[in-house]
Amino acid sequence: MLKITELVGGYGDKNIVDDVSFQVSKGSMLGILGPNGSGKSTMMKLISGVLPLKSGKIEIKEKSITDFGAKELARQMAVLPQLHAHAFAHTVRETVSLGRYPHQSGWFSSWSEEDETAVTEAMRLMNITHYEHTQIDRLSGGEQQRVFVAQALAQNAKILLLDEPTNHLDINHQKELLDTIKKQAIEKELTVVSIFHDINIASMYCDQLLLLDHGKIIRMGEPHEVVREQDIEAVYRTRVSNHPHPELPKPQVTLLPGIKRQTEEWEIRAEDFAVSPNMVLYQSEVPLKTVSSAVINAGAGWFRTFINRHVDMNYNIDDSLIEMTGFIEELGFKPTDTVGMMTAVQTQDAIVKEYEASFGSIVIAVTAGIGNAVDVSKALERAVQVGTINTWIMVNGKLSDEAFIQAMITATEAKTKALHLEGVMDPLTNTLATGTSTDSCLVAATQQGEHLPYAGPITELGKLIGAGVFECTVEAIGLYREAKKA
């Protein structure tokens, strides 16, 4: 639909955009990224015809824009510039109605039912109908922005050029605006080209991204091809971390500060674990980076308080998350800063041990109940029954994301080996058990000290986890069996 070939242009003798080529098909949304001064707005002005080209070609449906008359081009292309200057005040309706000018034979002398429908629908889509008779200069910046987007939509052009459309908008209105634009692009097969400052928003909504720097294309493609740490860091000259969006197959970036983490040095020690009949409790003075399968705050995050709570074997609550949250609050802890697990095992029988290494140390805590042990390879043949082995691995060191995952794998293998050594059987299948039906695992690290990129059994950290989890699990199983005999 829109094709740009070897575009060159700028101001006076200075070329801001140099040899830019790309195309955008109908129904597709292209996001333009780049730092301040990279040439994004200049390129948009060249495409829209506000600035003359030095060289290159801009085509709409294989026809050069120089072959379109002014009104004809406006019927093909709607433009939302970054800034709007007002010579005099209009009402919201009057401002949106200006989008219909390209469709008029005179100055609104032929206002039609189609024009009225387009204006009404555009105001509805942008949720500004209730401002219809309000002077636009009385609106906030965000409200004005929605009015001008409505004006562009009322134009009913097949190409929509947007320069930072989410400027001045709060996060909810950003989402609503871009949801609307994306829906219009799909349903009406619009071709949308938009400049973004927010890389994450651009990644979420755009089919393709173009990364611009010093007027040249650095990279173009699907978001996962463009939002790469090395490219973003090189172009924006700042540190970032790349991670997946929680719901969409789109990359997101997190800005990394240029200052060091402002926390005191802290070491996790076994002697600081409080073991009682009610729970195993560990409190850290600094947040620990954590990955777990806990009841409260499962997944990844930073936490200070860690609880492995004893519950009755017949514990049966409709919403254990709410109940556990209340329990944490009653203790005076913050649920947002706490990882919480549950076990029917007597928590006073928890095994907590510290293991020294050249990089520092780790602390391992295990509670093991094996009354309902499960052979996972036979799980399809049996009904699920509650049983729990909870394993904590707390590391005095700086783990990579890969090391967190490897630590869990290594710990699981060590737990399974302990069950085999102890001859723990699945009582329903009469085969060796690999765990229980509700096992949970946690890996936490101070993220201070030596960098530990891996935690597999070939590494010192992995060897320590393997030996430690095996030893603690064996001892915990022994205590469980003794308690059952008593």
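Which side chain of opposite charge is nearest to Glu143, and how far away is it?

## Basis of the report

The structure is a predicted model, in which local features need pLDDT of at least 70 and side-chain atom pairs count only at pLDDT 80 or more, while totals for chains, interfaces and linings use all residues. Residues are numbered from 1 along each chain as its sequence is written, and side-chain values use heavy atoms, with hydrogens and water left out.

The nearest side chain of opposite charge to Glu143 is Arg146, at 5.2 Å; Lys and Arg count as positive, Asp and Glu as negative, and His and the chain ends are not counted. Glu143 is buried and has no salt bridge. Buried denotes under 20% relative accessible area, exposed over 50%, and partly exposed the range in between (1.4 Å probe, protein chains only). A salt bridge requires a side-chain nitrogen of Lys or Arg within 4 Å of a carboxyl oxygen of Asp or Glu.

Glu143 belongs to helix H5 (residues 141-154); helices (H or I, at least four residues) and strands (E, at least two) are DSSP runs numbered from the N terminus. The side chain of Glu143 makes a polar contact of 2.7 Å with that of Tyr131, and it also reaches the backbone nitrogen of Ser140 at 2.9 Å. A polar contact is a pair of N or O atoms within 3.5 Å; within protein, one must be able to donate a hydrogen and the other to accept it, and residues adjacent in sequence count only if both atoms are side-chain atoms.

## Salt bridges

The whole structure contains 23 salt bridges. One of them joins Asp18 and Lys216, with the closest N and O atoms 2.9 Å apart. This pair links distant parts of the chain, strand E2 (residues 14-24) and strand E10 (residues 216-221), across 198 residues. Asp18 counts as partly exposed because its relative accessibility is 30%, and Lys216 is partly exposed at 39%.

Glu356 and Arg269 also meet in a salt bridge (3.5 Å, N to O). Here Glu356 lies in strand E17 (residues 351-357) and Arg269 in the loop between strand E12 (251-255) and strand E13 (274-275), 87 residues apart. Glu356 is exposed at 55% relative accessibility, whereas Arg269 is partly exposed at 22%.

## Helix H11

Buried residues of H11 include Ala403, Phe404, Ala407 and Lys415. Gly423, which follows H11, has a positive phi near 65°.
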